[in-house]
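The sequence and structure come before the text.

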Amino acid sequence: QVQLVESGGGLVQPGGSLRLSCAASGSIFKIASMAWYRQAPGKQRELVAVITSFGSTNYADSVKGRFTISRDNAKNTVYLQMNSLKPEDTAVYYCNAVISTGGPSYSPYWGQGTQVTVSS
C-alpha cells in the first residue's frame, strides 16, 4: 500500500504565498516523477508542475515564474512553492507520484487533495 498525504493549503490574499507539501509512504521501492495537479470548479484537472527523479522540472504556462516544484528524495516528499498567487489559482491541488513497489513496473498514485483559495 502506498499513501500520499498533502498539506499546506488554505486561504490567502491575492499576491500572497503558500507552500504545499506531499509525503509518500508505504511499500515504496522507487519513485519516478512527482507532480502537482489542480482542479477548479467546473473545470478539468490540469497539470501544474512535474519533477523527475533527476530533478528536471516542467510547468504549466500559467504558473511559470510564480510556482516552484522541488522534492526531497530522502523523505519521499514533493513541495510546491506558490508565490504571487492570483484568484484564478483557486482550486483543489492534488499530488501525484509514479511509484514502483518492487520490480520494473510503476503505477500512478494520488493524494486526497488540498484546497487553495485566493481571495481578498
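## Strand pairing around strand 5

Ile 51 has Thr 57, in strand 6, as its bridge partner. The model is a predicted one. Strand 5 and strand 6 run antiparallel and are joined by three bridges. The hairpin they form has five residues between the strands, and in this hairpin Gly 55 takes a positive phi near 95 degrees.

Strand 5 also pairs with strand 4, again in an antiparallel arrangement, here through five bridges. Arg 38 has Glu 46, in strand 5, as its bridge partner. Six residues lie between the strands in this hairpin, where Gly 42 has a positive phi near 75 degrees.

## Nonpolar core

The largest nonpolar core has 30 residues, of which Trp 36, Leu 80, Met 82 and Tyr 93 touch the most other members. Two or more residues each come from strand 1 (2–7), strand 3 (18–26), strand 4 (30–39), strand 5 (46–51), strand 7 (67–72), strand 8 (77–82), strand 9 (91–100) and strand 11 (114–118). The most is given by strand 9, with five residues. As general background, nonpolar side chains in soluble globular proteins tend to be buried together.

## Disulfide

How many disulfides does the structure hold? The structure holds one. Cys 22 and Cys 95 are the residues joined, with an S to S distance of 2.1 Å. Cys 22 belongs to strand 3 and Cys 95 to strand 9, and the pair links parts of the chain that are 73 residues apart.

The torsion about the S-S bond of Cys 22 and Cys 95 is about -80 degrees, so the disulfide is left-handed. Cys 22 has a relative accessible area of 0% and is therefore buried. Cys 95 is likewise buried, at 0% relative accessibility.

## Salt bridges

The count of salt bridges is four. Side chains of opposite charge can pair when their charged atoms come close. A network of salt bridges links Arg 38, Glu 46, Arg 66 and Asp 89.

Glu 46 is partly exposed, at 34% relative accessibility, whereas Arg 38 is buried, at 7%. Arg 38 also forms a salt bridge with Asp 89, at 3.0 Å from N to O. Because Arg 38 lies in strand 4 and Asp 89 in the loop between strand 8 and strand 9, this pair ties together parts that are 51 residues apart in sequence.

Asp 89 has a relative accessible area of 1%, so this residue counts as buried. The side chain of Asp 89 meets that of Arg 66 in a salt bridge as well, with N to O at 2.7 Å. Arg 66 sits in the loop between strand 6 (57–59) and strand 7, and Asp 89 in the loop between strand 8 and strand 9; the two residues are 23 residues apart. Asp 89 and Arg 66 are both buried.

## Surroundings of Val 78

Val 78 is placed in strand 8. Its relative accessibility is 0%, so Val 78 counts as buried. When residues up to four places away in sequence are not counted, Val 78 touches Leu 20, Ser 21, Cys 22, Met 34, Trp 36, Ile 51, Ile 69, Ser 70, Arg 71 and Cys 95.

Lys 43 is 35 residues from Val 78 along the chain, and the C-alpha atoms of the two are separated by 24 Å.

Is Ser 100 buried or exposed? With a relative accessibility of 0%, Ser 100 counts as buried. This residue lies in strand 9. A polar atom of the Ser 100 side chain lies 3.0 Å from the backbone oxygen of Gly 103.

Apart from neighbours within four places in sequence, Ser 100 is in contact with Ser 27, Ile 28, Phe 29, Lys 30, Ser 105 and Tyr 106.

Conventions:
Residues are numbered from 1 along each chain as its sequence is written. This is a predicted model: local features need pLDDT of at least 70, side-chain atom pairs count only at pLDDT 80 or more; totals for chains, interfaces and linings use all residues. Side-chain values use heavy atoms; hydrogens and water are left out. A nonpolar core is a set of buried Ala, Val, Leu, Ile, Met, Phe, Trp, Tyr and Cys residues joined through side-chain atoms within 4.5 Å. Buried means under 20% relative accessible area, exposed over 50%, partly exposed in between (1.4 Å probe, protein chains only). Helices (H or I, at least four residues) and strands (E, at least two) are DSSP runs, numbered from the N terminus. A disulfide is a pair of cysteine sulfur atoms within 2.5 Å. A polar contact is a pair of N or O atoms within 3.5 Å; within protein, one must be able to donate a hydrogen and the other to accept it, and residues adjacent in sequence count only if both atoms are side-chain atoms. Contact means heavy atoms within 4.5 Å. Two strands pair if DSSP finds at least two bridges between them.
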